[in-house]
Amino acid sequence: MVVVSVARLPPILVSPIRFRTTATRRRLLPSSALRLTRPLSSSCSASPLAVVASMETPPENYRTNVGICLADPSLTKIFTASRIDIANTWQMPQGGIDAGEDPREAAFRELREETGVTSAEMVAEVPVWLTYDFPVDVKEKLNARWGGTNWKGQAQKWFLFRFTGKEDEVNLNGDGSERPEFCEWTWMTPQQVIEKAVEFKKPVYEAALKHFAPYLQSDPATTTSS
């Protein structure tokens, strides 16, 4: 297992966040706006550590999990949702990998189960497992929910998807196969996603979004002319 330092993304000007439930609508940018951009530069400020392991061997005592970065059609902003069970907690979709399930298949499944979205194409994946440890209270709660397991934390494979549908496809009740996890959602810039995340997930979010930066587009609303 290798420990790497993860640099925080630099501060950027952010546009107002518009929260919505599945009943709200907003016109999406046309797919013709899609283009690649150079990676976001990293700052020199101190940051917590994220732990990575090779793709073939996720670390022991960590629950295998997929993380889903769903970008809008222009690859400008990222789908982020507020949890039902924890007030003021925003995150990207994620979920456990079933026994024998391929992580890519798990990512498509979890995206459908948590957001109802099926119109999406996979753009990129982080080639290593990113892990985070549970805080003590969270560890006890989740392991009890999972039937008395003793997971130290989660080892995640992260995938970047591009949304190709319309916003009315988003359904926070998911596909009906699992209990809903989110009560509202919005599009956020990468920096906003990190700022809204719970502290123990921020290093992994920073690492995943740093990897996806070459594929993401700067938001015109947050840039100023020189």
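Student: Where is the place of K201?

Tutor: In this predicted model, K201 is found in the loop between α3 (190-196) and α4 (202-212). The residue is buried, yet K201 forms no salt bridge; E181, the nearest side chain of opposite charge, is 7.7 Å away, whereas a salt bridge would require a distance within 4 Å. Once neighbours within four places in sequence are left aside, K201 is in contact with Q91, Q94 and Y132.

The largest nonpolar core has 25 residues, of which W158 and F212 touch the most other members. At least two residues of this core come from each of β3 (62-71), β8 (129-133), β9 (153-163), α3 and α4, and α4 gives the largest share, six residues. Residues up to four places away in sequence not being counted, F212 touches C69, A124, E125, V126, W158, F159 and L160. Another core, of 22 residues, lies apart from the largest one and has F79, A155, F159 and V170 among its members.

As to confidence, the protein averages a pLDDT of 81, and 73% of the residues score at least 70. The pLDDT is below 50 over residues 1-15, a stretch with 50 contacts in the model beyond near neighbours in sequence. Residues 22-48 likewise stay under 50, with 57 contacts beyond four places in sequence. Where pLDDT is low, predicted coordinates should not be read in detail.

Definitions and conventions. Residues numbered from 1 in each chain as written. Predicted model: local features only at pLDDT ≥ 70, side-chain atom pairs only at ≥ 80, totals over all residues. Heavy atoms only, no water. Helix = DSSP H or I, 4+ residues; strand = E, 2+ residues; numbered from the N terminus. Buried < 20%, exposed > 50% of the residue type's maximum accessible area, 1.4 Å probe, protein only. Lys, Arg positive; Asp, Glu negative; His and termini not counted. Contact = heavy atoms within 4.5 Å. pLDDT = per-residue confidence, 0-100. Core = buried A, V, L, I, M, F, W, Y, C linked by side-chain atoms within 4.5 Å.
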